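Thanks for asking me to look this one over. My notes follow as numbered points, with the conventions given along the way.

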Amino acid sequence: ELLGFSKERAVFEGVIADRKYLVCIDRVSGLGKYSGHFLEVESVVPLGEDPSAVRTEIYKLVESLLGAPREDVKRSYLEMLELS
């Protein structure tokens, strides 16, 4: 039997402090206990630039969007599917 899941994604782009950010909100089903909503925030950091400041800004953005800090999800959807 083939494993499968479905994902609906909403994509938002914006600029904060002269840096472009991409925010994706996924609604994922078919992952058992891992099914639900996921938020992904990305920004490109040029080679040689320290990413720690951008990482801090991403955590602040997530906290402002969701009202509280959240833990990083370290598993991919494929890993969640295999574990479900």
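**Notes on the predicted model**

1. Among contacts in the protein chain between residues at least 6 apart in sequence, 38% join residues at least 24 apart; a contact here means heavy atoms within 4.5 Å.

2. Now the ground rules. This is a predicted model, in which local features need pLDDT of at least 70 and side-chain atom pairs count only at pLDDT 80 or more, while totals for chains, interfaces and linings use all residues. Residues are numbered from 1 along each chain as its sequence is written, and side-chain values use heavy atoms, with hydrogens and water left out.

3. On the overall architecture, the protein chain has 2 helices and 3 strands, arranged along the sequence as β-β-β-α-α. With a radius of gyration of 15 Å, well over the 12 Å that the globule rule gives for 84 residues, the protein chain is more spread out than a compact globule. Helices (H or I, at least four residues) and strands (E, at least two) are DSSP runs, numbered from the N terminus. The radius is taken over C-alpha atoms, and the rule is 2.2 Å times the number of residues to the power 0.38. Along its principal axes, the C-alpha trace spans about 45 × 30 × 20 Å.

4. What share of the 84 residues in the protein chain is buried? Buried residues make up 21%, where buried means under 20% relative accessible area, exposed over 50%, and partly exposed in between (1.4 Å probe, protein chains only). The chain exposes about 6,600 Å², and carbon and sulfur atoms supply 54% of that area. These areas come from the Shrake-Rupley method with a 1.4 Å probe; for residues, only the protein chains shown count as cover.

5. As for charge, there are 11 positive and 15 negative side chains, and the centres of the two sets lie 2 Å apart. Lys and Arg count as positive and Asp and Glu as negative, with His and the chain ends not counted; each charge is placed at NZ of Lys, CZ of Arg, CG of Asp or CD of Glu.

6. The hairpin deserves a look. Strand S1 (residues 6-16) and strand S2 (residues 19-29) run antiparallel and are joined by 11 bridges; two strands pair if DSSP finds at least two bridges between them. Within this pairing, Phe12 stands opposite Val23 in S2. The hairpin leaves 2 residues between its strands.

7. Please check the backbone in that turn. Ala17, in the loop between S1 and S2, has a positive phi of about 50° although it is not a glycine. Asp18 is found in the loop between S1 and S2, and its phi is near 65°, a positive value in a residue other than glycine. Ala17 is exposed, with a relative accessible area of 73%, and Asp18 counts as exposed at 81%.

8. Is Ser43 buried or exposed? Ser43 sits in the loop between strand S3 (36-42) and helix H1 (52-66), and it is buried, with a relative accessible area of 19%. Not counting residues up to four places away in sequence, Ser43 touches Arg19, Lys20, Tyr21 and Val54.

9. Finally, Ile58 lies in helix H1 and counts as buried at 17% relative accessibility. Leaving out residues up to four places away in sequence, Ile58 touches Tyr21 and Val41.
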